[in-house]
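Here is a note on the chain you sent, written as numbered points. Please read it beside the structure.

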Amino acid sequence: PKASITKTSGITLNVGTSGNVTPIINLIPIDLEGATIRNVAGFNMGFIIRENLWPGSTVSIVKSGDII
């Protein structure tokens with residue numbers, strides 16, 4: 001799998017139709033195997049806090065399959 005390093009630029013909250021809240025981690029855009037990656041799902045706020053992900057955090061993005 002290919003990987004690239006970038007920084008987070010912010011976190012936004014997405015409210016789904018069922019009312020579930022999913023944090024979306026906004027990234028400084030990177031090109032990874034022809035796809036521009038700008039956002040990734042943060043699963044839940046517990047994950048964000050546990051992984052210490054805040055604006056300005058350095059993250060590694062790995063593409064292990066097709067991005068839709």
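Predicted model: local features only at pLDDT ≥ 70, side-chain atom pairs only at ≥ 80, totals over all residues.

1. Overall dimensions. The C-alpha trace spans about 35 × 25 × 15 Å along its principal axes. The chain has 68 residues, and 28% of them count as buried.

2. The largest pocket. Its volume is about 180 Å³. The lining is made up of I25, L27, V40, A41, F43, F47, L53, V59, S60 and I61. By class, nine of these residues are nonpolar, one is polar and none is charged.

3. Where the lining comes from. At least two lining residues of the largest pocket are supplied by each of β2 (21–32), β3 (35–41) and β4 (58–63). The strand that gives the most is β4, with three residues.

4. F43. This residue belongs to the lining of the largest pocket, and its place is in the loop between β3 and α1. Is F43 buried or exposed? With a relative accessible area of 59%, F43 is exposed, because the cut-off for that class is over 50%.

5. N52. A positive phi is also found at N52, near 55°, again in a residue other than glycine. N52 lies in the loop between α1 and β4.

6. The salt bridge. How many salt bridges does the model contain? The count comes to one. It is formed by the side chains of E33 and K63, at 3.9 Å from N to O. E33 lies in the loop between β2 and β3, whereas K63 is in strand β4, so the pair ties together parts that are 30 residues apart in sequence. Side chains of opposite charge can pair when their charged atoms come close.

7. Exposure of the two partners. E33 is partly exposed, with a relative accessible area of 48%. K63, in contrast, is buried, at 14%. The cut-off for buried is under 20% relative accessible area, so K63 falls in that class at its 14%.

8. N20 and N44. N20 is found in the loop between β1 and β2. It counts as exposed, with a relative accessibility of 53%. From C-alpha to C-alpha, N20 and N44 are 9.7 Å apart in space, while 24 residues separate them in sequence.

Key
Residues numbered from 1 in each chain as written. Heavy atoms only, no water. 1 Å grid on protein atoms, 1.4 Å probe; cavity = no way out; pocket = protein on both sides within 12 Å on 5 of 7 lines; lining within 4 Å. Points joined across faces, edges and corners; volume = space filled by probe spheres on them. Helix = DSSP H or I, 4+ residues; strand = E, 2+ residues; numbered from the N terminus. Nonpolar A, V, L, I, M, F, W, Y, C, P; charged D, E, K, R; others polar. Buried < 20%, exposed > 50% of the residue type's maximum accessible area, 1.4 Å probe, protein only. Salt bridge = Lys/Arg side-chain N within 4 Å of Asp/Glu carboxyl O.
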